[in-house]
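Here's a friendly walk through a protein structure, written for someone just starting out. Have a look at the picture first, then read on.

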Amino acid sequence: MKEINFELMSQKAEELGAIFVLGQRLVPFLEDIFSFVKEVKPLLDDINLSMEDNMDKTQIAARKLSKVTEATEMATTEIIDIINELVNKSSSISTNLDRMNELDSMKFDTALNILEKVYEAIAEKQDVSSYEAPLSDAIDKLKSIKRDTRKKLFDSTRELLDGINADANSIIMSLQVQDITTQQIAAVNHLLDTIHDRLAHMLMKFQPGEAPPSTKKDESKDSTTVSKLHRPIAFNSEEEGDAYFSREEIDALFLKISKNV
Amino acid sequence: MRYLVIDDSPTMRKILIAALRTIGITDVVEAGDGEEGLAKIHAEHVDFVITDWNMPKMNGLELAKAVRGDDAIKNLPIIMVTTRDQRQDIMQAFEAQINNYIIKPFTPEILKDKIDTVLMVAKELGSELRISEET
């Protein structure tokens, strides 16, 4: 039979007692921790949800800004291409004008030459019948200049000017990008304002007191109404598929209403 | 025929007027919002309205409803030119009895096509377009 060590038993009992004392002291502390976790959990859930929501919104904002960049890039390239065409056309017009000037000089010189010869012949009382053939040639030459080359140059210049007119109108149409990008940026601004407000609201829960000042402008005093007016676009334009009509569908739809008005 | 261009963006008004000029329409008046537009419809004997949707004071949709609700001008053709491209937006415009709908960006050819369609349908139906003739 094993011998009982009472001294050891007493020592262990004391240790056990100490554990119970520690337990008694720990329980209220643990209760505090549990209660704190219980209180903080909804806040953490809220933060989690807000973070997810804000992440989605920042992605939408990023996509909208990408669209703005893409649209401005496309419009700028288009405008540069048109301006290059305009430069080429105005350069061609300049060449045409030089050529027309040359032709006019040639016409003038030829006519003057004929008149001088005829005048000299008459003054010297010469027989002018010898001038009949060269005069006829000169008149034909003048007529051909008028009818062919000059007409071609005029037509070409008119065509170039019409082209310049069309190009100028194309530039004006390309500038619609200003309106479209303004609305996209207004939508991004609104998204950023929403994110700011949510973050400020979350901070308030951690640090009771005054909320950080909002970056949002007082829109009632704002002469530019775009950011206020285009809010719906910010939240709806990311939908895909069935959210959009094709141009043909729009035409068919409004043909109905036109017939009913 | 006299056209009224309504848009709160001066740039867009200039673009629309240039597009109309390109397709041979030069008798154009302009307004910066629906409220001003409605006043001009009455004061300037307007025959055709081209309007934006999003505008201060009175938007394009409210303007259309106001026009359709006024017996003196209820047949006035209205085309909406806007960036709002969603099905639900277009259905709203349809319900407000807009005659046609153009999504920006547009070209003068698209504008001409839409105006011609509206005028052709009105002609087929013998509807009196000019408010000056109705009054």
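## Ground rules and surface

Accessible areas here come from the Shrake-Rupley method with a 1.4 Å probe, and for residues only the protein chains shown count as cover. By that method, chain B exposes about 5,500 Å², and carbon and sulfur atoms supply 49% of it. A residue is called buried under 20% relative accessible area, exposed over 50%, and partly exposed in between (1.4 Å probe, protein chains only). Of the 135 residues of chain B, 55% count as buried.

Some housekeeping: this is a predicted model, where local features need pLDDT of at least 70 and side-chain atom pairs count only at pLDDT 80 or more, while totals for chains, interfaces and linings use all residues. Residues are numbered from 1 along each chain as its sequence is written, chains are lettered from A and ligands numbered from 1 in the order in which they are written, and side-chain values use heavy atoms, with hydrogens and water left out.

## How chain B is put together

Helices (H or I, at least four residues) and strands (E, at least two) are DSSP runs, numbered from the N terminus. Chain B has six helices and five strands. Read from the N terminus, its elements go β-α-β-α-β-α-β-α-β-α-α. Contact means heavy atoms within 4.5 Å. Among contacts in chain B between residues at least 6 apart in sequence, 63% join residues at least 24 apart.

Now zoom in on two strands. Strands pair if DSSP finds at least two bridges between them; β4 (residues 78–82) of chain B and β5 (residues 100–103) of chain B run parallel, joined by four bridges. V81(B) sits opposite I102(B) in β5(B). To get from β4(B) to β5(B), the chain passes through helix α4 (residues 87–95) of chain B, and this β-α-β crossover is right-handed. That label applies if, with the strands pointing away from the viewer, the path from the first strand over the helix to the second runs clockwise.

Which way do the side chains of β5(B) point? N100(B) and I102(B) point one way, while Y101(B) and I103(B) point the other way, and all are buried.

## The nonpolar cores

In soluble globular proteins, nonpolar side chains tend to be buried together. A nonpolar core is a set of buried Ala, Val, Leu, Ile, Met, Phe, Trp, Tyr and Cys residues joined through side-chain atoms within 4.5 Å. The largest one holds 30 residues, and F254(A), I41(B), V49(B) and Y101(B) touch the most other members. The elements giving it two or more residues include α6 (247–260) of chain A, as well as β1 (3–6) and α3 (60–68) of chain B. α3(B) gives the most, with four residues.

Y101(B) turns up again here: its contacts include I250(A) and F254(A) from chain A, along with W53(B), M80(B) and I90(B). A second, separate core of 20 residues includes Y3(B), I15(B), A19(B) and I110(B).

## Salt bridges

A salt bridge is a side-chain nitrogen of Lys or Arg within 4 Å of a carboxyl oxygen of Asp or Glu. Over all chains, the structure holds 13 of them. In one, K41(A) meets D45(A), with the closest N and O atoms 3.0 Å apart. These two are four residues apart in helix α1 (residues 6–123) of chain A, so about one helical turn separates them. K89(A) and D167(A) form another, at 2.8 Å. Because K89(A) lies in helix α1 of chain A and D167(A) in helix α2 (residues 132–174) of chain A, the pair ties together parts that are 78 residues apart in sequence. Both K89(A) and D167(A) are buried.

Over in chain B, D7(B) forms a salt bridge with K104(B), the closest N and O atoms being 3.7 Å apart. D7(B) and K104(B) are both buried. They also belong to a network of salt bridges that links them with D179(A) and D52(B).

Most residues other than glycine have a negative phi, and most peptide bonds are trans. Where are the exceptions? A cis peptide bond joins K104(B) and P105(B), with omega about 0°. H45(B) is not a glycine, yet has a positive phi of about 50°; H45(B) is partly exposed, at 43% relative accessible area. K57(B), also not a glycine, has a positive phi of about 65° and lies in the loop between β3 and α3 of chain B.

Key: Lists of a residue's contacts leave out its neighbours within four places in sequence.
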